[in-house]
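Load the model and keep the selection tool at hand. The tour below goes from stop to stop.

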Amino acid sequence: MIVCEVGINHLGSKKYSDEYFKTLMDTDCDAITYQIREKDFYERDEYRGFDFSFDYYSSLIQKLKGEKKFGIALANKNMIAECESIGVDFYKVLSWHLKDYDYITDLLDKTSKHIYVSTGTSSLLDLDKFYQRFGNINRISFIHTQLTFQPEDTNLKSIQTITEKYKIPVGYGNHCKNLNTIYSALSFNPSDIWFYVKGSHMENHPDEIHSVPLNEVGDFVDNLKEVNLAIGDGLKKNTNTMGY
């Protein structure tokens with residue numbers, strides 16, 4: 001699954017958000033996500049007015065008509081019921097909530113949807129403890145990411161390490177400023193690819209440095225799918241006996 005994350009890069013503007021949505025609907029991405037943060041997050045001066053109503057999110061879901069999935073990266077732990085009421089397809093747990101077992105238990109109890117857990121701020125010890133608690137639940141996946149934006153910290157090999165150790169699907173969520181690492185991640189067979197998108201009419205998006213420009217997303221998704229095909233199955237074949 002290729003997931004395009006609007007997050008809060010809409011800057012609280014429905015008009016800007018609609019532009020994101022219309023553009024992404026015309027691409028071959030599989031899913032679109034928005035982010036709902038904690039109540040006090042929206043009380044900060046720089047993020048005041050960034051929240052949307054559930055009526056608005058519901059209108060976006062209706063526009064999808066089942067052609068793509070709609071996910072919420074949910075940081076407000078009190079809004080599970082509201083998300084369920086509008087038909088959210090899946091949830092993303094932000095990395096600092098990986099150790100909030102009560103919240104994850106609530107998600108599991110109050111929804112039957114798939115839950116993707118970001119591991120951005122976690123160690124293998126944290127993942128060990130998480131696995132002991134939730135490892136037998138087949139609707140949980142991990143997202144490997146890092147939050148420094150630097151290529152040297154991206155550690156794509158962790159996708160393979162985590163997959164082999166826990167036998168849980170592991171996707172790649174990009175926070176690296178070099179967008180080419182997203183293509184490189186495909187070599188480690190992630191279950192999903194997640195990347196943020198940003199529009200061109202504004203600057204200083206909350207997820208600015210590691211986002212794919214909106215006007216390039218269509219080609220970017222097409223390239224991801226083609227590169228993934230190029231990786232193949234690892235079995236050497238004779239495809240042209242004449243050598244040309």
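Start by selecting Val-6, which is found in strand β1 (residues 2–7). Helices (H or I, at least four residues) and strands (E, at least two) are DSSP runs, numbered from the N terminus. Residues are numbered from 1 along each chain as its sequence is written. This is a predicted model, in which local features need pLDDT of at least 70, side-chain atom pairs count only at pLDDT 80 or more, and totals for chains, interfaces and linings use all residues; side-chain values use heavy atoms, with hydrogens and water left out.

**Stop 1**

Val-6 has a relative accessible area of 0%, so it is buried. Here buried means under 20% relative accessible area, exposed over 50%, and partly exposed in between (1.4 Å probe, protein chains only). Show the contacts of Val-6, with contact meaning heavy atoms within 4.5 Å. Leaving aside neighbours within four places in sequence, Val-6 is in contact with Tyr-20, Leu-24, Ile-32, Thr-33, Tyr-34 and Val-197. The C-alpha atoms of Val-6 and Ser-17 are 8.2 Å apart, and the two residues are 11 apart along the chain.

Ile-2, Cys-4 and Val-6 point one way. Val-3, Glu-5 and Gly-7 point the other way.

Which strands pair with β1? Two strands pair if DSSP finds at least two bridges between them. β8 is one partner: four bridges join it to β1, and the two run parallel. Pick Cys-4 and look across to Phe-195, its bridge partner in β8. Strand β2 (residues 31–36) is another, also parallel to β1, over four bridges. There, Gly-7 has Tyr-34 as its bridge partner. Trace the chain from β1 through helix α1 (residues 14–25) to β2: this β-α-β crossover is right-handed. That is, with the strands pointing away from the viewer, the path from the first strand over the helix to the second runs clockwise.

**Stop 1: β7 and Val-170**

Select strand β7 (residues 170–173). Both of its faces are covered. Val-170 and Tyr-172 are buried on one side, Gly-171 and Gly-173 on the other.

Strand β6 (residues 140–144) pairs with β7 in the parallel sense over three bridges. Phe-142 has Val-170 as its bridge partner. Then show strand β8 (residues 193–198), which runs parallel to β7 and is joined to it by two bridges. The bridge partner of Gly-173 in β8 is Trp-194.

Zoom to Val-170. Its relative accessibility is 2%, so it counts as buried. Beyond four places in sequence, the contacts of Val-170 include Phe-142, His-144, Ile-159 and Ile-162. Thr-163, Pro-190, Ser-191 and Asp-192 are also among them.

**Stop 2: two positive phi angles**

Most residues other than glycine have a negative phi. Asn-189, not a glycine, has a positive phi of about 55°. Find it in the loop between α7 (180–185) and β8. Asn-189 is exposed, with a relative accessible area of 64%.

Next, select Lys-65. Its phi is positive, about 50°, although it is not a glycine. Lys-65 sits in the loop between α2 (54–64) and β3 (69–74). It is exposed, at 69% relative accessibility.

**Stop 3: the pockets**

A pocket is an open set of points on a 1 Å grid over the protein atoms alone, where a 1.4 Å probe fits, with protein on both sides within 12 Å along at least five of seven lines; lining residues have an atom within 4 Å of a point. A volume is the space filled by probe spheres set on the points, which are joined across faces, edges and corners.

The largest pocket holds about 340 Å³. It is lined by 23 residues. Select Gln-35, Trp-96, His-175, Tyr-196 and Asp-207, which lie nearest its centre. The lining divides into 11 nonpolar, seven polar and five charged residues. Ala, Val, Leu, Ile, Met, Phe, Trp, Tyr, Cys and Pro count as nonpolar, Asp, Glu, Lys and Arg as charged, and the others, Gly among them, as polar.

The second largest pocket has a volume of about 210 Å³. Of its 14 lining residues, Met-1, Leu-186, Pro-190, Ile-193 and Asn-228 are the closest to its centre. Finish on helix α8 (residues 217–231), which gives the most to this lining, with four residues.
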